[in-house]
Amino acid sequence: MSKTKEEIEVIKGKGNVRFEKLSRYAKIRSPLEKFEVVEQEIEFRKDPLINHWSRINKLRADRVKQASAPGENFETNLQTVVENSAKKCFFCPENLTSYTPKFSEELGLGERITVGDFNLFPNLYVFSQYHAVGTLGNDHFTQLDKFTPKIWQEAIEGSIKFFKAVHKYDTNVKYPSINFNFLPPSASSIIHPHIQIIQDIKPTKLTEKLLRKSQQYTNETKSNYWSDLIASERKLGERFIVENEFMTWLATFSPMGKNELTGIVTIPKTDISTFTKADSRDLAVGLTKAFKALYHARGATSINMALYLGPIGQDRSDDYRINLKIVSRPNLLPNYTGDIGFMELLHYEPIAAASPENIAETVRKYF
Ligand SMILES: [Zn+2]
């Protein structure tokens, strides 16, 4: 099937923001309906900036009105996993200094970075020239809805110290990001909660695309894509979650993962190393509210998060804003089913389990 212009429904937002979607209908004779013909709508959605396509089966998505709690089986299994992993955890305070790497001396960071209960040190096996791991508190396990703004503020402040030191040492290394895999279904091999921050001479593929497309948008419109996106979503309302003077939260129109939330830092700072303590606190408050919302409204217990930061030492506030994505992953059950299959991994075309509009509606009250 080809996606022709005639078939695409376009909802015009502010400036050049266009929400494009295409609906097709599949007919099956369903065993659930005594083999009567059942029609199912498949909606294809395109991201207004990066042109990323995703799909939603409307029948399935609208059925997920409110995610249920993870359940007793989940709790029992989690407890076992937590207890077993706590017996020898390199990230617990009694082991951390003996078993985690130290920074090399030329960075001038000392052995490790400590801010309050946050400890940052090099990753043991790196996939970035500058790749650090930071523990989110001394507790071996923290439930997703129990993270405090304090520990996340410390994590952001500690990350900024690292980014600044690396950039001072090598000014070509200016593309940082802050990332979070939480619990094994998200690809985290260690239960003790920790962030991973990286800094390289080149941005990641998606960061590069976001920066480039944002710049292109500004060149064409003399406007900022992120401001226009927020204005568009605010007016439409259905995916708009909340905003304050620091940031705005949306359910992503064309998501990359399940239960996806987009956070946009609206203050004109694209270089996170220019953040004040108050900025770090405001971001931390936003993140912990989003975690609570995903846990309570969507039944999410395991997540991935990425912050797409602007380059260090450059002001991109004309055309960019710091933005982030959080997606949920399967619950840690003994026989859980993975949620990344051929569509996501090999076709780059994720299938949304719930409609973004339903996600926004259910998470709103937790912000
Ligand atoms: Zn631990």
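Donors are N, O and S atoms within 2.8 Å of the metal (3.2 Å for Na, K and Ca), and water is not among the atoms, so sites may look incomplete.

I note that this is a predicted model, in which local features need pLDDT of at least 70 and side-chain atom pairs count only at pLDDT 80 or more, while totals for chains, interfaces and linings use all residues. Residues are numbered from 1 along each chain as its sequence is written, and side-chain values use heavy atoms, with hydrogens and water left out.

**Zinc site**

Which residues coordinate the zinc ion? I found Cys89 (SG), Cys92 (SG), His140 (ND1) and His192 (ND1), at 2.1 to 2.3 Å. I recorded their spacing in sequence as C-x2-C-x47-H-x51-H. Cys92 lies in the loop between α2 (72-86) and α3 (93-99), and His192 in the loop between β8 (175-182) and β9 (194-200), so the pair ties together parts that are 100 residues apart in sequence. Helices (H or I, at least four residues) and strands (E, at least two) are DSSP runs, numbered from the N terminus.

I then checked accessibility. Cys92 counts as buried at 7% relative accessibility, and His192 is buried at 0%. Buried means under 20% relative accessible area, exposed over 50% and partly exposed in between (1.4 Å probe, protein chains only).

**Aromatic rings**

I searched the whole structure and found 19 aromatic pairs. One of them is Phe147 with Phe180, an edge-to-face pair with 6.0 Å centre to centre and 80° between the planes. This pair links distant parts of the chain, 33 residues apart: Phe147 is in the loop between β7 (130-136) and α4 (149-169), and Phe180 is in strand β8. Rings of Phe, Tyr and Trp (its six-membered ring) pair if their centres lie within 6.5 Å; planes under 30 degrees apart count as stacked, over 60 as edge-to-face and the rest as tilted. Phe147 is buried at 3% relative accessibility, and Phe180 is buried at 0%.

**Strand β13**

How many residues of β13 (302-308) are buried? I counted 7 of its 7. β13 pairs with β8 in the antiparallel sense over 6 bridges, and Phe180 stands opposite Met305 in β13. Strands pair if DSSP finds at least two bridges between them. I also found 7 bridges joining β13 to the antiparallel strand β14 (323-329), where Leu307 stands opposite Leu324.
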